Amino acid sequence: AFLAKWAREASDRVWLAQRRGPEREWLKATYAEAKRQVDAVTQALIDRGFGPDKPVMILSSNSIEFALLTMAAMQARAPLAPVSPAYSVMSQDHAKLRYVFDLVKPGLVFVQNGEIYARALAALDLEGVLLVHVDKAPPQMQSLPWGELVATRPTDAVARSIEQIDAKTVGKFLFTSGSTGMPKAVINTQEMMCANLAMGQMGRIRKASDPPAVMLDWLPWNHTMGGNATFQGNLAEGGTTYIDDGKPLPGLFEETLR
């Protein structure tokens, strides 16, 4: 609802921006552009049978595509399971990754760069699972380029799916840290996430005359503070989110403001 609101009311405002490519240029998506892409990916998920019983799993760090897939999965009513990248790229045995994968049983696994996540993907039983990549396909694996999902033509099925969302619809599975055992999946309903947003807005009141918020976001979106309070909080306010990819860049925030 917030994405649709700002796509109507502030269509040309940048929602997401991230430095990408060898020249580290800013890649930006306005609210209107993002809504069009989210609807396209929503249709692609619906066409492939995604819904409440067929979740979507994200293994990668924060990115524009991560954000778009987050919204598309929720529009399709397919629970989103963003998993800590550490389970994929730092783990030697991938035990926690396999555990959460077997627990969620996703119908789709998303990676930003298939080469970086190749070893983790090889540790999973991906038979019957749709693998999606953005930058590079994982070696020796069948994977669908992100561009094919975005190229899907939306139909009225998208609006019908959104109309079926209610307070008890599961939006996300967020995982505990697993520091005392295996990670536990915490069910995040739409009602819970809206209550979280309302609490934040009550604690940090913005006036109608205030300029749109500009945020440099570095918290991981697989965590409730980053993915719910921060990412969704700025979306609710119609703000602009600059995604920090963790690479050193002196003066980034000052440059962002310019």
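Reply: Trp221 is buried, and Phe231 is buried as well, where buried means under 20% relative accessible area, exposed over 50% and partly exposed in between, with a 1.4 Å probe and protein chains only. The model is a predicted one, in which local features need pLDDT of at least 70 and side-chain atom pairs count only at pLDDT 80 or more, while totals for chains, interfaces and linings use all residues. Residues are numbered from 1 along each chain as its sequence is written, and side-chain values use heavy atoms, with hydrogens and water left out.

The rings of Trp221 and Phe231 have their centres 4.6 Å apart and their planes at 40°, so this pair is tilted; rings of Phe, Tyr and Trp (its six-membered ring) pair if their centres lie within 6.5 Å, and planes under 30 degrees apart count as stacked, over 60 as edge-to-face and the rest as tilted. Trp221 lies in the loop between strand 10 (214-217) and helix 10 (224-236), and Phe231 in helix 10, so the pair ties together parts that are ten residues apart in sequence; helices (H or I, at least four residues) and strands (E, at least two) are DSSP runs, numbered from the N terminus. Trp221 and Phe231 also belong to one aromatic cluster with Trp15, Tyr31 and Phe66.

By this rule, the count comes to six aromatic pairs. One of them joins Trp26 and Tyr242, whose ring centres are 4.9 Å apart with planes at 85°, so the pair is edge-to-face. Trp26 lies in strand 2 and Tyr242 in strand 11 (residues 240-243), so this pair ties together parts that are 216 residues apart in sequence. Trp26 is partly exposed, with a relative accessible area of 23%, whereas Tyr242 is buried, at 10%.
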